[in-house]
Amino acid sequence: MAALAFLAAAVISVPVAKRLGLSPVVGYLASGIAIGPAGLNVADPSTVITVAELGVVLLLFLIGLELQPSRLLSMGRYIFGLGTAQLLITGAVIAGVAFLLGFGWAGAIVSGMALAMSATSIALQLLSERGDLSSGYGQRAFSILLFQDIAIVPLLALVPLLAPPSQSAIPRDSTAILLQAAGMLAAVGGIVVAGRFLLTPLFRLLARSGAREAMTAAALLVVLGAAGIMAFAGLSMALGAFLAGLLLSESTFRHELEANIDSFRGLLLALFFMGVGMSLDLGVVVPHLGPVLSGALVITLIKFAVVFFLYRGDHRDLADGLRAGAVLMPAGEFAFVLFPLAFSNGILNQEQAALLTATAAITMMIGPLAFAAIEYLLPRFSKAAPEPEPDDFTDANGTVLVIGFGRFGQVVSQCLLAENVGVTIIDNDVEMIQSAGRFGVHIYYGDGTRLDVLRSAGAETAEIIAVCVDDKDAATRIVEIVKASMPQARLFVRSFDRVHSMDLLRKGVDFEMRETLESAFSFGTRTLESLGLDHETARQRVADVRERDRARLMRQMEEGLYAGLDLVTPRKVEPEPLTAPEKPARPLNPEAQDVLSHETEFSG
């Protein structure tokens with residue numbers, strides 16, 4: 001019954017939150033209160049949070065997959081600069097407030113540092129929803145979050161050291177501390193060695209077996225294994241998962257791992273947020289509702305102000321500072337670890353720990369609400385030049401609707417206009433529209449990912465809708481809208497890569513083409529001709545590659561990303577050139593050796 005209650009809560013809460021213009025995180029937190037001890041009481045909150053913390057672990061693994069080590073090194077200034085400044089300044093201010101409220105100096109320090117940390121899961125969820133994780137402010141916010149995950153290690157060690165001698169949960173023997181530090185370093189080193197030398201051969205072996213379920217199991221094993229090793233050494237599980245993802249970020253199996261993990265991540269994160277809502281002890285909160293709410297507001301305002309001024313000091317614009325402040329307002333997941341630990345070590349009494357836990361949970365509800373409010377208000381107070389109003393589409397009655405007038409869309413449109421085909425072109429790039437107008441081409445201004453714009457542009461009567469945008473996510477959204485609302489139109493779509501082509505085909509598009517595929521075939525044809533082959537022979541060679549590539553794509557649609565390697569070359573499972581080279585390739589460095597030995601794949 002508990003599982004049914006969680007699933008029903010997730011299904012109901014997300015549409016309601018979206019309908020109200022709020023983040024799904026708010027819906028999950030509210031539904032957690034409803035099914036927790038204060039409501040239906042379907043399960044023990046502490047058990048739920050313990051299990052659901054795996055969602056945060058999986059999220060950090062996926063974030064690690066998206067980063068490359070070189071890119072992470074370039075963020076070092078923000079990780080150890082902004083991150084250190086945010087944690088120390090915020091922690092000191094909150095600790096000072098706690099001390100004035102009657103907390104002992106040890107309790108004030110623990111409270112300040114615990115509440116200074118931000119909720120990684122909420123922040124990354126908010127950034128992902130807007131697609132801001134790769135933006136300037138998003139990267140800086142992620143750097144701060146990453147530093148906080150690193151800082152949890154010394155904070156966990158600090159709590160027992162601050163405890164009264166009779167209450168300390170661990171020995172203060174210097175030898176024990178050194179051994180624990182050595183164990184932490186050994187754990188990190190073990191994960192690095194395994195990621196560098198063992199994981200890629202393991203996934204290569206599993207890929208050759210063709211067992212997709214084994215790949216999924218191996219992906220979970222890597223994530224949970226790295227997290228478990230770090231936890232055993234006294235480090236953050238999330239940090240271990242991030243490290244594992246980072247080590248696999250340059251592997252050819254990155255996309256497969258991401259696809260296998262993502263569905264687990266979403267479900268467990270929803271469970272985590274509901275668990276936080278369930279942990280809100282209304283028996284403690286209601287009698288002290290005023291102080292708890294006031295405390296939550298003061299803490300979020302302090303965190304918001306510190307982050308905002310740090311961003312402004314880094315010469316970021318006003319909007320970035322406001323967004324970052326709201327993203328990092330909620331207290332972190334580790335507050336629910338540090339407060340019970342401080343209680344067990346005699347630093348906080350039971351009432352203090354309960355009130356601080358409730359305050360931290362309420363900040364998790366304030367943060368997403370503040371972020372939504374800022375996103376709502378920013379456009380209304382922006383002094384930037386206003387975007388043009390959508391065009392009047394009264395004369396837009398083309399047989400073909402072309403969405404996107406970049407380099408790709410321009411060539412497509414020229415072919416259609418040369419045959420006097422009725423074409424309606426829409427784009428949301430103002431500079432592109434003005435440039436095209438100087439050459440006598442009229443383009444309607446409009447966002448092709450909006451249903452009302454598509455309808456106004458004549459999508460409901462168009463025979464073909466040509467999606468030529470250079471944004472993979474936008475193209476996918478347009479396809480989904482058209483399939484749902486304009487089923488009469490045939491969909492011709494520019495795809496980003498092989499994986500995107502497979503996704504589009506599954507969605508039922510009539511035609512898709514990878515943006516660089518045909519140009520690469522033409523390039524290959526001319527190269528063969530320059531080497532002495534006659535035009536017809538070169539054309540046949542390239543046609544053979546084209547047919548086998550398409551056949552492999554169809555196989556991959558049914559059997560997975562690593563299917564159809566025999567279609568790349570009929571002689572061996574390992575893909576290799578269609579014509580054997582006269583001399584074997586010689587690597588010039590260790591990286592090239594790894595590529596030549598293992599990583600070669602015709603992926604298009």
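**Exercise 1. Is Ser 118 buried or exposed, and what lies around Ser 118?**

Let's start with the accessibility. Ser 118 has a relative accessible area of 3%, and anything under 20% counts as buried, so Ser 118 is buried. Keep in mind that the model is predicted.

Next, find its place in the chain: Ser 118 sits in the loop that runs between helix 6 (105–116) and helix 7 (120–130).

Now look for neighbours. Setting aside residues up to four places away in sequence, Ser 118 touches a list that includes Gln 86, Leu 145, Gln 148, Lys 303 and Leu 328. Zoom in on Leu 328: its backbone oxygen is 2.8 Å from a polar atom of the Ser 118 side chain.

**Exercise 2. Work out how the rings of Phe 304, Phe 308 and Phe 309 are arranged.**

Step one is the count: with ring centres within 6.5 Å as the rule, there are four aromatic pairs. One of them is Phe 304 with Phe 308, at 6.3 Å centre to centre and 5° between the planes, which is a stacked pair.

Step two asks where these two sit. Phe 304 and Phe 308 are four residues apart in helix 15 (residues 289–313), so about one helical turn separates them.

Step three brings in the next ring. The centres of Phe 308 and Phe 309 are 5.4 Å apart and their planes meet at 75°, so this pair is edge-to-face.

Phe 308 is buried at 14% relative accessible area, while Phe 309, at 59%, is exposed. Phe 304 is buried too.

**Exercise 3. Which residues of helix 17 are buried, and where are they around the axis?**

First, list the buried residues of helix 17 (residues 335–344): Ala 335, Phe 336, Leu 338, Phe 339 and Ala 342. They span an arc of only 165° around the axis, so they are on the same side of helix 17.

Then look just past the helix. Helix 17 is followed by Gly 346, which has a positive phi, near 75°.

**Exercise 4. Describe helix 22: how far does helix 22 reach, and what covers its buried residues?**

Begin with the span. Helix 22 (residues 472–485) has 14 residues and reaches 20 Å from first C-alpha to last, close to the 20 Å expected at 1.5 Å a residue.

Go to its start next: a side-chain oxygen of Asp 471 comes to within 3.0 Å of the backbone nitrogen of Asp 473.

Now for the buried part. Among the buried residues of helix 22 are Ala 474, Ile 478, Val 479 and Val 482. Their cover includes strand 1 (400–403), helix 21 (451–456), strand 4, strand 5 (490–495) and helix 23 (498–506).

**Exercise 5. Where is Ala 466, and which residues does Ala 466 contact?**

Ala 466 belongs to strand 4 (residues 464–467). With 7% relative accessibility, Ala 466 is buried.

Leaving out neighbours within four places in sequence, Ala 466 is in contact with Val 400, Leu 401, Val 402, Ile 403 and Phe 492.

**Exercise 6. How many disulfides does the structure hold?**

Recall that a disulfide is a covalent bond joining the sulfur atoms of two cysteines. The count here is zero. As for cysteine exposure, Cys 415 is exposed at 54% relative accessibility, whereas Cys 468 is buried at 4%.

How values were computed: Residues numbered from 1 in each chain as written. Predicted model: local features only at pLDDT ≥ 70, side-chain atom pairs only at ≥ 80, totals over all residues. Heavy atoms only, no water. Phe/Tyr/Trp six-rings, centres within 6.5 Å; stacked < 30°, edge-to-face > 60°. Helix = DSSP H or I, 4+ residues; strand = E, 2+ residues; numbered from the N terminus. Buried < 20%, exposed > 50% of the residue type's maximum accessible area, 1.4 Å probe, protein only. Contact = heavy atoms within 4.5 Å. Disulfide = S-S within 2.5 Å. Arc of directions from axis to C-beta. Expected span 1.5 Å × (residues − 1). Polar contact = N/O pair within 3.5 Å; in protein donor to acceptor, adjacent residues only side chain to side chain.
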